[in-house]
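Welcome to a short tour of one protein chain. Please take a look at the sequence and the structure first, and then read on.

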Amino acid sequence: MPRSTKNPDAPDDANPAGSGPFSGSKARDSAQQIWQAGLGAFAKAQQEGGKVFEALVKEGAAMQRKTQSTTQERLSEAAERMTSAASVLGTRAAGQWDKLETIFEDRVAKALARLGVPTAREVQALHERIDALTQALQAATQAQNPSQAAPRPAAKRGAAKPPTGRATAARKTAAAARPRPPKPPAE
């Protein structure tokens, strides 16, 4: 295609000068109006900008209060859930602690049984048996010697504590140190 040597600003033959939408004074008038509208919008924005800014600040403050209120409610709900969970965990831990305590007591009881240490029930049974034997002995003695005054009744004993190693050793030492009465001559 051959290059055109026409001036691009020159009016087109099909479009005579002054008849186009952006030709001459009409284009300048439109551009002038657009420019003035922009300046008017800028002036209006400057005048109304302070009012719009204040309105935006008020809306922001209201939004902040609403957000803080919602956040506080959520935090309260979370705290309640955590308290509930802590309570459940505490209950479970207490149950586990009770199981652990029972296991410990059972193992200690087994170890004491292996060492031959009597239980509190066994000691109480021995006390009751000793009391019964003492009463039977007193009845037999009284039957042989009716002239003697009635002996004092044996004192009731409560649940005895199992003896400790030191107390048992002290009793054995004391019993060994006591003098024994002489044996009566055989008849």
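The report below goes from the whole chain to single residues.

This is a predicted model, in which local features need pLDDT of at least 70, side-chain atom pairs count only at pLDDT 80 or more, and totals for chains, interfaces and linings use all residues. Residues are numbered from 1 along each chain as its sequence is written, and side-chain values use heavy atoms, with hydrogens and water left out.

Let us begin with the overall build. The chain has three helices and zero strands, where helices (H or I, at least four residues) and strands (E, at least two) are DSSP runs numbered from the N terminus. Of its 187 residues, 3% are buried, meaning under 20% relative accessible area, while exposed means over 50% and partly exposed lies in between (1.4 Å probe, protein chains only). The accessible surface comes to about 17400 Å², with 60% of it belonging to carbon and sulfur atoms; such areas come from the Shrake-Rupley method with a 1.4 Å probe, and for residues only the protein chains shown count as cover.

How confident is the predictor? The pLDDT, its confidence in each residue from 0 to 100, averages 77 over the chain, and 66% of the residues score at least 70. Over residues 13-17 the pLDDT is below 50, and this stretch has three contacts (heavy atoms within 4.5 Å) beyond near neighbours in sequence. The table shows the elements with the lowest and the highest mean pLDDT.

| Helix | Residues | Mean pLDDT |
|---|---|---|
| H3 | 165-177 | 58 (lowest) |
| H2 | 120-144 | 92 (highest) |

Now for helix H1, which covers residues 24-115 and bends by about 45 degrees at Glu48. The bend is the angle between axes fitted to the seven residues ending there and the seven starting there. After H1 comes Gly116, with a positive phi near 85 degrees.

Which residues meet in a salt bridge? The side chains of Glu77 and Arg81 do, at 3.8 Å from N to O. A salt bridge is a side-chain nitrogen of Lys or Arg within 4 Å of a carboxyl oxygen of Asp or Glu, and a search of the whole structure finds one. Because Glu77 and Arg81 are four residues apart in helix H1, about one helical turn separates them. Glu77 is partly exposed at 35% relative accessibility, and Arg81 is exposed at 56%.

Note on methods: pLDDT = per-residue confidence, 0-100.
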